[in-house]
Amino acid sequence: MRSEETVFVGGPLDGRVLPVLTGPTGQPPKWYEVPVPDAGGGPPTVFAYRRVPAGYTKRLGIQRGWKYEYVPEGRERRTLKWPWSKPGHG
């Protein structure tokens, strides 16, 4: 599998560059979750990072890659939206 060096911004991994595995399309996952074990033996704390564009070139506006930004609220859970579903029901 291929990996990409990705910058992390904010949270406990601020400023670190870590290799992140890419998917079949060559892009890293949209969300990156880091579980940190609890010292007291309780459930682990999960830190969530969202993938955002790292920047764009000046001349052509081509994207320069990806970075992960810390999201203190956690990962956003989405529900499937089928075309035949009624509005307001998930």
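Predicted model: local features only at pLDDT ≥ 70, side-chain atom pairs only at ≥ 80, totals over all residues.
Residues are numbered from 1 along each chain as its sequence is written, and side-chain values use heavy atoms, leaving out hydrogens and water.

**The core**
- The largest nonpolar core has 7 residues: F8, L13, V20, V34, F47, Y49 and Y68.
- A nonpolar core here is a set of buried Ala, Val, Leu, Ile, Met, Phe, Trp, Tyr and Cys residues joined through side-chain atoms within 4.5 Å.
- Beyond its neighbours within four places in sequence, V20 is in contact (heavy atoms within 4.5 Å) with residues including T6, F8 and Y68.

- T6 sits in strand β1, residues 3-9 (strands are DSSP runs of E, at least two residues, numbered from the N terminus).
- T6 counts as buried (under 20% relative accessible area, with a 1.4 Å probe and protein chains only) because its relative accessibility is 0%.
- The T6 side chain reaches the backbone oxygen of E4 at 3.1 Å.
- T22 is in the loop between β2 (17-21) and β3 (31-36), and T22 counts as buried too, at 5% relative accessibility.
- Skipping residues within four places in sequence, T22 is in contact with M1, R2, S3, E4, Q27 and P28.

**The lining of the largest pocket**
- Its residues divide into 1 nonpolar, no polar and 7 charged, with Asp, Glu, Lys and Arg counting as charged.

Key: Buried < 20%, exposed > 50% of the residue type's maximum accessible area, 1.4 Å probe, protein only. Helix = DSSP H or I, 4+ residues; strand = E, 2+ residues; numbered from the N terminus. Polar contact = N/O pair within 3.5 Å; in protein donor to acceptor, adjacent residues only side chain to side chain.
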